[in-house]
Amino acid sequence: MSSAISELQQEASHAHIHPPPQGFIAKYVISFDHKVIAVQYFITAGLFFVLAGLLAELLRAQLTQPHNTLLSAQTFDEAYSIHGTAMVWLVIIPVLTGGFGNLAMPLMIGARDVAFPWLNMFSFWLFPPAGILVFLSFLYGAPRAGWTEYPPVSMETTGTALWCAGVFLIGVSSTITGINFMVTIIKMRAPGMTWTRMPLFVWATLVTAFLSAIATANLSAALAGLFNQKVFGVPFYDPAHGGSAVLWQHVFWFYSHPAVYIMILPAFGIISEILPTFVRRPIFGYKAIAYSSVAIGLVSFMVWAHHMFTSGLAQWVQLPFMILTMAVAIPTGIKIFSWVATLWRGKIRLSTPLLFTLGFLACFTFGGVTGVMLASVPADIHEHATYFVVAHLHYVLFGGSVFGIFAGLYYWWPKMTGRLLDERLGKWHFWTMFLAFNATFLPMHWLGLLGMQRRVSYYDSQFHSSDLLSFVAGTNLFVSISAFVLGASMLIFAYNALRSAKAGKVAGPNPWGARTLEWMTSSPPPYYNFAEIPIVLSGPYDYGKPLPYANISQDLATEPVA
Amino acid sequence: MDATLLLKIIAGAGALVVGYFAVKALYEEWPKTALEDQVTKIMMALLTLGCVIVLTVAFGIAGKV
Amino acid sequence: MATHALQVSDAEYQEVRSHRLLGFLFFLISDSILFCSFIFSYLYDRSASPMWPPAGVERPGLYLAAVNSIVLFGSGVTMHLAMEAWRHANRTRFTQYIIATIVLGIGFLSGQAYEYTHLHDTWWGSVFGASFFTLTGMHGFHVFIGVCFLITVLLQARNGVYDQNRYFGLTAATLYWHFVDVIWVALFFLFYVY
């Protein structure tokens with residue numbers, strides 16, 4: 001054992017500590033430090049989250065009455081298009097990859113920084129201009145075809161060109177981050193951290209990085225085509241000149257289906273970190289969870305056409321896509337069962353991160369079940385253009401990704417800032433958010449099955465019986481009020497976050513008694529992360545055994561159980 | 001001599017020369033094992049394939065005019 | 001960055017080099033996906049079209065393209081020979097071969113420019129022109145970047161930025177150039193042979 005350690009010691013010894021940067025700009029603006037870049041991502045994405053959230057509230061305000069005159073049909077279309085675009089590309093993807101990936105991944109693998117710090121900085125600075133371009137498109141008539149921007153509708157608006165440019169930039173940023181993270185994880189793990197000793201968040205980040213590096217280039221191509229058609233009239237997607245509008249759907253979804261997993265896999269990773277910590281047991285089925293992430297990543301490239309069952313694909317094409325899509329439920333189900341089995345007979349501590357984790361489990365499982373329903377071709381043809389799809393995607397992207405994001409924020413906030421968030425406020429936040437979320441999106445399933453069309457600003461003409469219309473109108477009013485409460489619940493978090501800067505309890509290095517490497521250094525970590533590169537002797541989740549690390553300074557290497 | 005025939009001859013002769021060097025490079029790279037050497041092997045194999053394609057074009061076997 | 005390469009220890013250099021090599025290869029894979037996506041679009045439009053190329057559109061000249069391809073493939077070989085010369089510490093040969101590569105690259109671009117000016121379709125005229133000009137134009141842009149890359153590393157090599165064992169910039173330029181070559185194999189096959 002000791003000779004093994006000394007060998008690893010040798011490997012760890014030639015990593016230098018670089019002097020920290022001086023001056024405000026070098027420290028906080030053009031920063032190369034992964035922890036600062038993570039915070040930059042959080043703040044920028046937070047601003048876009050507020051803007052996109054307000055757009056959603058605007059949509060719900062319009063839908064409080066069957067024939068509301070608050071927004072014109074055009075403005076309504078613009079609002080939901082930019083809401084979707086911003087939530088997907090400017091909030092969830094940057095927060096989960098650039099934000100949490102940067103914050104936790106290098107610390108978890110015991111590295112001083114990512115492999116290419118300069119690229120990391122560059123990648124972040126592509127993000128704010130991208131968001132500004134997307135929102136600027138409002139000035140020129142924002143695109144009105146939803147976040148998917150199917151031509152020919154997307155060709156009708158001038159803002160499409162700006163939209164393409166913005167999303168292209170965020171795509172380039174995502175590709176660069178993906179390449180950077182893959183090299184970091186493959187090459188820079190601490191000595192002794194074999195593949196199966198990596199924390200599960202790192203596994204999730206690895207698969208996500210692979211997907212962003214591979215799939216996003218495809219989005220860039222699709223966007224370049226759309227941009228060229230809009231600006232120069234190149235007929236890629238124009239049937240009048242031999243192009244095909246369905247082609248856009250193919251290339252778009254070939255990126256965007258993997259993107260769905262880019263938006264959820266890191267959240268899976270966050271959940272897998274939080275559960276064992278607050279249950280005080282080893283995670284159930286470490287390898288099952290890790291390898292099922294890989295399986296989900298691979299299958300994600302083979303299911304894109306399930307978004308296109310109503311686009312007139314041949315039946316022999318629909319069938320394999322239907323079966324493969326349903327097959328995604330298998331690796332996902334493996335994960336869900338492993339998480340539930342981790343809870344079984346654990347010493348459960350209901351702190352805020354765990355509450356959000358449990359909220360994630362409930363909502364995401366629900367969204368997964370409706371996902372399997374939608375994967376079935378006959379059902380999809382009925383449900384495709386209705387609120388059922390809206391409900392499903394919000395259950396996975398809000399109930400899944402956003403609950404995962406908040407779980408991660410509550411969990412890593414002390415590591416990021418050195419101070420704890422208030423538990424009581426956190427519980428208020430969770431319960432208002434959880435209840436308002438379900439009150440908002442659960443009734444949408446019924447609205448959808450009753451035939452309420454999505455992306456339509458007036459719904460009075462869709463229902464011919466007045467009884468049905470009054471039921472739908474009442475339900476919509478209830479949904480809208482819940483949506484306002486859901487928006488308001490974010491204020492609790494904002495207050496809690498601002499409050500923690502002054503009144504938050506000082507956290508100490510390891511407030512939750514976790515065992516992964518990011519907790520084995522001070523909070524917030526110093527510029528160089530670890531005074532000495534740690535050495536890893538076994539896996540990270542063996543609760544009840546001594547810590548599996550060497551080279552950690554002794555006062556930090558504690559596992560206090562609160 | 002007409003221009004097409006000239007181009008065919010240049011392409012065919014060029015493909016033979018380039019193909020020879022590509023195969024030779026592939027042969028010499030074969031025992032090496034570093035990552036960039038592995039990539040070079042793939043690249044040289046594909047380059048050889050490219051030369052074969054050009055050769056078939058020069059002999060009029062493949063290619064659409 | 002490369003200038004600092006001579007100031008660090010061997011172990012540290014090797015580590016940084018392995019990161020850059022892997023990152024560069026991932027970049028090339030990602031870049032090839034960009035081409036694959038357009039190639040898929042081309043094949044999709046083509047399979048949906050009753051005749052190919054569409055009525056009234058002429059195919060670009062086959063034999064000129066064949067000669068042009070050989071020019072580019074030949075540059076791939078000279079690039080490989082340049083790298084081999086560097087490894088065997090033969091600086092004169094290295095310079096000669098890399099200049100040959102640059103000349104062949106510029107020759108290829110000239111050939112492409114000639115072809116563009118003599119083609120009777122525009123890139124907004126039909127989906128054939130759209131795919132042809134997008135794909136070959138994107139490839140031509142890559143060749144142009146590659147030529148700039150080669151001129152840079154040639155100047156750097158002459159200024160002593162690289163030494164016998166530390167020459168990652170050269171490796172990257174070589175890999176990039178081979179990549180550009182190999183993409184052309186696919187494009188030549190798709191537009192002129194298939």
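Chain A has a secondary structure of 16 helices and two strands, and the model it belongs to is a predicted one. Its radius of gyration is 24 Å, which agrees with the value near 24 Å that a compact globule of 562 residues would have.

**Overall build**

- Of the 562 residues in chain A, 55% are buried.
- When contacts in chain A between residues at least 6 apart in sequence are considered, 82% of them join residues at least 24 apart.

**Contact with chain C**

- Chain A brings 29 residues to the contact, while chain C brings 28 residues.
- On the side of chain A that touches chain C, at least two residues each come from helix 6 (159-187), helix 7 (200-232) and helix 8 (245-279), and helix 7 gives the largest share, with nine residues.
- Sorted by class, this side of chain A consists of 17 nonpolar, 11 polar and one charged residues.

**Helix 8 of chain A**

- A kink of about 35 degrees, centred on Trp253(A), is found in helix 8.
- Helix 8 is mostly covered, since 33 of its 35 residues are buried.
- After helix 8 comes Arg280(A), which has a positive phi, near 55 degrees.

Key. Residues are numbered from 1 along each chain as its sequence is written. Chains are lettered from A and ligands numbered from 1 in the order in which they are written. This is a predicted model: local features need pLDDT of at least 70, side-chain atom pairs count only at pLDDT 80 or more; totals for chains, interfaces and linings use all residues. Helices (H or I, at least four residues) and strands (E, at least two) are DSSP runs, numbered from the N terminus. The radius of gyration is taken over C-alpha atoms; the globule rule is 2.2 Å times the number of residues to the power 0.38. A residue is buried if 20 or more other C-beta atoms lie within 10 Å of its own, exposed if 12 or fewer, and partly exposed in between; C-beta atoms are placed from the backbone. Two residues are in contact if their C-beta atoms, placed from the backbone, lie within 7 Å. Ala, Val, Leu, Ile, Met, Phe, Trp, Tyr, Cys and Pro count as nonpolar, Asp, Glu, Lys and Arg as charged, and the others, Gly among them, as polar. The bend at a residue is the angle between axes fitted to the seven residues ending there and the seven starting there.
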